[in-house]
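Subject: Structure for you to look at, with notes

Dear colleague,

Please find the structure we spoke about below, together with its sequence. My notes on what was found in it follow directly after.

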Amino acid sequence: MIYLKLLRPKDWAKNLFLYVPLFFSGDIFDTSKIINVFIGFIAFCFIASSIYIINDYGDREDDRKHPEKRNRPLASGKASPAVALIICGILIIAGFAIAYFTNNRFFILLSIYFVLNLAYSFGLKNIPILDIFIIAIGFSLRIRSGGALAHVDVTIWMNIMVFLLALFMAIGKRRDDVLIKLSSGVDMRKVVKGYTIDFLNTMLALVSAVMIVSYFMFTVSEGVIKRHHTERLYITALFVMAGIMRYLQIIYVHADSGSPTKILYKDRFIQISILLWMISFYFLIYAKKIPFFN
């Protein structure tokens, strides 16, 4: 069980972004495409978990100072570093083998993701601003991979939105690190020295505003309207705005943790906003036979 925890299965939810191009294309019920993306999802999870192990192995001493990360398998000493590295090697071989036999373009994109995150783990994560951009690029590579697997074009607007959303989440994560530093007096990450709460608050406000505007522009863009034969996709922006505003309310008004992943797992308002966004998008794209949505 402890070695399963080492893989961070909770973070595999990030790899569901591979399905984003398929969902937006209107082909989400194409069985062959669903299966193909699922195979890619498995490969991506394997490679992502190998990166988590490498990162945890290198950070195990620093993680012991963190109030939550000190409970990770390697930091706590419950998992053997040697066994962890063996598991990491198996995951890398399995992940790339699956990608190689699935789709050549996906294999290349997954390789870029692996090399980029390897560089991140071995030093780039210590460079302020560049660290959050690398995280955001990782999500862009996920949707590009999903598009390659499903043979669906990833539009410029889709790429921009996912990049901004990932950037928003990464800034929230760094804000959480700074809050921990302020409360404990200990730098959990070297990169934290390059950030302050005021700077991160400003970036959150900036990125959230650009993200909302970009989403509106996506829904009313000519290409999207022609593809989905509807001008009402802007309605879905209501739930996007609600989710973003709720997140900002949590960190500014309730002064709760700024970790987006943690908030996503526990906050019902954001979960319902995402669910309603998906339902509204489903009806507008897939349920065209209903008169109201024609």
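Arginine 8 and aspartate 11 are both buried, where buried means under 20% relative accessible area, exposed means over 50% and partly exposed lies in between, using a 1.4 Å probe and protein chains only. Please keep in mind that this is a predicted model, in which local features need pLDDT of at least 70 and side-chain atom pairs count only at pLDDT 80 or more, while totals for chains, interfaces and linings use all residues. Residues are numbered from 1 along each chain as its sequence is written, and side-chain values use heavy atoms, with hydrogens and water left out.

Salt bridges

The structure holds seven salt bridges, a salt bridge being a side-chain nitrogen of Lys or Arg within 4 Å of a carboxyl oxygen of Asp or Glu. One of them joins arginine 8 to aspartate 11, with the closest N and O atoms 3.9 Å apart. Arginine 8 is found in the loop between helix H1 (2-6) and helix H2 (20-25); helices here are DSSP runs of H or I with at least four residues, strands are runs of E with at least two, and both are numbered from the N terminus. The relative accessibility of arginine 8 is 14%, and it therefore counts as buried. Its phi is near 55°, a positive value in a residue other than glycine.

A second salt bridge brings together the side chains of arginine 174 and aspartate 131, at 2.5 Å from N to O. This pair links distant parts of the chain, since arginine 174 belongs to helix H8 and aspartate 131 to helix H7, 43 residues apart. Both arginine 174 and aspartate 131 are buried.

Arginine 246 is buried, as is aspartate 267.

Helix packing

Helix H8 (residues 156-184) packs against helix H9 (residues 197-219) at an angle of about 160°, with their axes 9 Å apart; axes are lines fitted to C-alpha atoms, for helices over the stretch in contact, and angles run from 0 to 180 degrees between N-to-C directions. H8 and H9 are therefore roughly antiparallel to each other, given that angles under 35 degrees count as roughly parallel, over 145 as roughly antiparallel, 65 to 115 as roughly perpendicular and the rest as oblique. The residues of the contact of H8 with H9 divide into 21 nonpolar, four polar and two charged, where Ala, Val, Leu, Ile, Met, Phe, Trp, Tyr, Cys and Pro count as nonpolar, Asp, Glu, Lys and Arg as charged, and the others, Gly among them, as polar.

H8 also packs with H11, at an angle of about 10° and with their axes 13 Å apart, which means that H8 is roughly parallel to H11. In this contact, Phe168, Gly172 and Arg175 of H8 meet Ile244, Tyr247, Leu248, Ile251 and Tyr252 of H11, contact meaning heavy atoms within 4.5 Å. By class, the residues of this contact are six nonpolar, one polar and one charged.

The axes of helix H5 (residues 81-102) and H6 come within 7 Å and cross at roughly 150°, so H5 is roughly antiparallel to H6. The residues of this contact divide into eight nonpolar, three polar and no charged.

Individual residues

Leucine 124 is found in the loop between helix H6 (104-121) and helix H7 (130-150), and with 26% relative accessibility it counts as partly exposed. Leaving aside its neighbours within four places in sequence, leucine 124 is in contact with Ala119, Leu130, Asp131 and Ile134.

Histidine 151 lies in the loop between H7 and H8, where it has a positive phi of about 55° although it is not a glycine. With 62% relative accessibility, histidine 151 counts as exposed. Tyrosine 282, placed in helix H13, counts as partly exposed at 33% relative accessibility.
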